[in-house]
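Please look over the sequence and the model together before reading on. The paragraphs below go from the whole chain to single residues.

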Amino acid sequence: QVHLVESGGGLVQPGGSLRLSCAASGTISSITLMNWYRQAPGKEREWVASISRTGGTNYAVSVTGRFTIARNNDENTMYLQMNSLKPEDTAVYYCNAYIRTLIRRNYWGQGTQVTVSS
């Protein structure tokens, strides 16, 4: 059984920073593409950033220049450093990954709340 667990969410003032973590556990052969998504109240879930196993990254326009995605392949972890946070960044942030055990499947974490408010 594979699990993805996010941590690091919380309440932060506009302009502040947070660092989210995502840890994968279970019988894992390899993890390829890893993603962060977010879902704000009343809105659809949206893609935020992606990182390949070799470290290639992509970002949504709304977070480019403010957020940085990273991963540690040895520890099966992924991070999202969020700087210059804005109230519109308020959302539940989800970890997503393509993980190979016996077969390659897509997994989601349970989400962590990020609230940007003064």
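The protein carries 11 positive and 7 negative side chains, and the centres of the two sets lie 5 Å apart; here Lys and Arg count as positive and Asp and Glu as negative, while His and the chain ends are not counted, and each charge is placed at NZ of Lys, CZ of Arg, CG of Asp or CD of Glu. This is a predicted model, in which local features need pLDDT of at least 70 and side-chain atom pairs count only at pLDDT 80 or more, whereas totals for chains, interfaces and linings use all residues. Residues are numbered from 1 along each chain as its sequence is written, and side-chain values use heavy atoms, with hydrogens and water left out.

The secondary structure consists of zero helices and 11 strands, where helices (H or I, at least four residues) and strands (E, at least two) are DSSP runs numbered from the N terminus. The radius of gyration, taken over C-alpha atoms, is 14 Å, close to the 13 Å that the globule rule (2.2 Å times the number of residues to the power 0.38) gives for 118 residues, so the protein is as compact as a globular protein of that length. Its C-alpha atoms fill a box of roughly 45 × 25 × 25 Å along the principal axes.

Of the 118 residues, 40% are buried, meaning under 20% relative accessible area, with exposed over 50% and partly exposed in between (1.4 Å probe, protein chains only). In soluble globular proteins, nonpolar side chains tend to be buried together. The largest nonpolar core here has 31 residues, and those with the most contacts inside it are Trp36, Leu80, Met82, Tyr93 and Ile99; such a core is a set of buried Ala, Val, Leu, Ile, Met, Phe, Trp, Tyr and Cys residues joined through side-chain atoms within 4.5 Å. Strand 9 gives the most to this core, with five residues.

Trp36, placed in strand 4, counts as buried because its relative accessibility is 0%, and its C-alpha atom is separated by 5.3 Å from that of Ala49, 13 residues apart along the chain. Tyr93 touches residues including Trp36, Leu80 and Met82, not counting those up to four places away in sequence, where contact means heavy atoms within 4.5 Å.

Ala91 lies in strand 9 and, at 2% relative accessibility, is also buried. Leaving aside neighbours within four places in sequence, Ala91 is in contact with Arg38, Gln39, Ala40, Thr112, Gln113 and Val114.
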